[in-house]
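Please take a look at the following model.

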2 protein chains.
Amino acid sequence: MNVELISIGDELLIGQTINTNASWLGAELSHLGANILRSTSIPDDDKQIQKTLHKALFDADLVIITGGLGPTKDDITKQALADYFNDELAIDRPTLEHVQRFFSHRKLPFLDVNIQQAAVPKSCTILHNKLGTAPGMWFEDRGKVVISLPGVPYEMMEIMREEGLPRIKKKWTIRSFYFKTGNLQGIGESYLADQIQDIEEELKREELSLAYLPSPGLIRLRIGSKNGQEQSERIDSYFAEIEKRFPKHFYGYGTETLAEKIGILLQKNKVTVGTIESCTAGKIAAEIGSVAGASAYFEGGIVSYSNRLKEQLVGVRPETIEKFGAVSEEVAKEMAIFGKQKLSVDYCIAVSGLAGPTGASEQKPIGTTWIAIATPDKISTQKFIFENNRQRNITRSVLSALNMLRLELEYS
Amino acid sequence: MNVELISIGDELLIGQTINTNASWLGAELSHLGANILRSTSIPDDDKQIQKTLHKALFDADLVIITGGLGPTKDDITKQALADYFNDELAIDRPTLEHVQRFFSHRKLPFLDVNIQQAAVPKSCTILHNKLGTAPGMWFEDRGKVVISLPGVPYEMMEIMREEGLPRIKKKWTIRSFYFKTGNLQGIGESYLADQIQDIEEELKREELSLAYLPSPGLIRLRIGSKNGQEQSERIDSYFAEIEKRFPKHFYGYGTETLAEKIGILLQKNKVTVGTIESCTAGKIAAEIGSVAGASAYFEGGIVSYSNRLKEQLVGVRPETIEKFGAVSEEVAKEMAIFGKQKLSVDYCIAVSGLAGPTGASEQKPIGTTWIAIATPDKISTQKFIFENNRQRNITRSVLSALNMLRLELEYS
């Protein structure tokens, strides 16, 4: 099954909104085995909408359109679709009742403009929008399908999960593109590529695809097969080999995050964790706390951004800061050791770094970061020199700290 | 000037990577006054690359291609472009020397595969990549321009800032699309639309465009004009009116974040801030600390995720938690008041909420959140009932807390 995605909205083209809908739809549909031919973003312009849809229907069996279904006047997708299918808009009763309930339940005033949310092209099948007021729409046209969805990501996702994907699965039986993704932290793309050149050659011989998906501090490695599950064991064995070569970097599979992985390990070991952060300013704690159920192992932490709080709240000795500077192995160590006591936890992560843009010296360039992990029986520290970019330094500090904790939990 | 964006990479289509490059380029180019016709993501496939480029060159004066220039075998854009322009690849000496320096400086081994990074189509002009090894390329073809850039966002951005955008400005003089964006926190889209219906009508009459850009907890409102700066004063006066109608929600313009706004206000008032967080787990602190120069006003905070730490570190009374529960006005209040003392700050933000998915009761559904702000002379609290989604509840709690602090700083 070939799919094209069309995203509508000036805000996507002028960069005011990042298109997360296309990536979510791409992920869901490739899981079903669909082949995503193309993803196009176009302005809120009815001619463009119709022209792009027309072209997409040449190559694709299914076209999914997101955006332009809101209550406001810049939303014109519905009318454009009605025109394309030589159809007209009419109020759909059940949708109108849903919209009315939606407003009364939230004690919000029901406005004239909201009635129009229930107007849809007569020929479409409604895909109910439980979380919002703009319904999804399913059109069939000479064996092909066009789905139109609201652009608000969580509404779009809910409609697809509840209504769109089940219908797609019923209509098409697809031979799937199978893939598995392995995740590595703290390793460079070209170094990794060099170290697995032999594996890459073998994959090629077996007609398996390999892709590198780098982001700051992380590389996701994807091995894929066009023959569905058939080669899944081969793919597993390649990943086993890669895992063996990079135990310090390889932390998991699929969409599992480092914070989720750590959560599993902490629960398995029945231990707790806390954080003492300076340059990352709470982002490590937030990452750990973003996992549902984190209260089972995450106690909390201290953001000791100022030196005063490093001393008063954590207990770092003023003379240590005086002598070595706040960004030093000695201070990171004291943050982790005293922090572990203060928080009464089994493991404590501490980070002190120079995120930038100011504060550098010759000995300590921007990006210099010390991370310390206090465990029940020892303390390990590591120095990193990241780069000259505040946000990236923070991100890489967070990921490196989480990976150091993972290594302590997995291998100590 | 008409522009088309082409993003290359299977990972974009199957949703393993979100396309942030297209939005950044869209924002930069529309600032220059370019008209972004379309943005297309396609797979790593040379036929698709050439076909899409060919089509784009029909309508556009400038085509910008990102991705597929890395050192690994799945990167094929360079060869596809050489073929399209009937050209061949050759090693560029200065680029090779840069790549070699790049590796020796980082004490990384220089590999055979890295030499290929310096191979480029002979007819292109090199756009130097200071931060990486894959150079950008500038092709001219019958008055039109094609730029090819690496897909790694920060390398792509640096090349454009240093080389691409200056060249574009030199080649084209453009009558610009002028727009201004105003940002509101904590208001619903359709309610806002209803309340500014009259303004919307007037804007239409003056041929100014209005767009709503909602994201969890925020709405960005964009008013635009196709006649460049000419109508900028009219746009300012419309925003002044909107600001007057929603002082509690309207917090700023353009790309300024709430955390940046707060930073400016705190510095102006010469006061400091700290945070005591439960469900947000450090994300408010991280948001405040993400602003460069935050150390001038941000002291730090405590992530009291467990009740034990709420008592031991912050000083919340056990009987208050016992009697009212951790998610209550009373506990949020004590977190803010005792936290302010513990941290010795002028303002203290405290949040306690039920992010979900578990822990709900009949009186306290998922999404129930109490936020308290302790100021130098008083304490204000507010209850929110967000929704049934952990990540969105955390995001909306962070934004609501920052906005409450902004109101205290601006209006008290």
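## A strand pair across the chains

A:Gly301 has B:Val303 as its bridge partner in S14(B). This belongs to a longer pairing. Strand S14 (residues 298-304) of chain A runs antiparallel to strand S14 (residues 298-304) of chain B, over 5 bridges. Two strands count as paired if DSSP finds at least two bridges between them. Helices (H or I, at least four residues) and strands (E, at least two) are DSSP runs, numbered from the N terminus.

The model is predicted: local features need pLDDT of at least 70, side-chain atom pairs count only at pLDDT 80 or more, and totals for chains, interfaces and linings use all residues. Residues are numbered from 1 along each chain as its sequence is written, chains are lettered from A and ligands numbered from 1 in the order in which they are written, and side-chain values use heavy atoms, with hydrogens and water left out.

## The interface

How many residues of chain A are in contact with chain B? The count is 83, and they touch 83 residues of chain B. Contact means heavy atoms within 4.5 Å. The size of an interface is often given as the accessible area lost when the parts come together. Between chain A and chain B, about 6,700 Å² is buried, and carbon and sulfur atoms give 55% of that. Buried area is the accessible area (1.4 Å probe) that two parts lose on being put together, summed over both.

There are 35 residue pairs in polar contact between chain A and chain B, both residues at pLDDT 80 or more. On the side of chain A that touches chain B, 35 residues are nonpolar, 28 polar and 20 charged. A polar contact is a pair of N or O atoms within 3.5 Å; within protein, one must be able to donate a hydrogen and the other to accept it, and residues adjacent in sequence count only if both atoms are side-chain atoms. Ala, Val, Leu, Ile, Met, Phe, Trp, Tyr, Cys and Pro count as nonpolar, Asp, Glu, Lys and Arg as charged, and the others, Gly among them, as polar.

## Salt bridges

The structure holds 39 salt bridges over all chains, and 3 lie between chain A and chain B. Each is a side-chain nitrogen of Lys or Arg within 4 Å of a carboxyl oxygen of Asp or Glu. B:Arg308 meets A:Glu299 at 2.8 Å, N to O. B:Arg222 meets A:Asp10 at 4.0 Å, N to O. B:Arg222 is in strand S11 (residues 218-225) of chain B and A:Asp10 in helix H1 (residues 10-13) of chain A, so this pair joins two chains.

## Symmetry

A 180° rotation with 0.0 Å of shift along its axis superposes chain A on chain B, with RMSD 0.1 Å. That is the relation of a two-fold axis.

## Backbone details

A cis peptide bond joins A:Gly356 to A:Pro357, with omega about 5°. A:Pro357 sits in the loop between strand S15 (347-353) and strand S16 (368-374) of chain A.

Conventions: Copies are superposed by least squares on the C-alpha atoms of residues with pLDDT of at least 70 in both.
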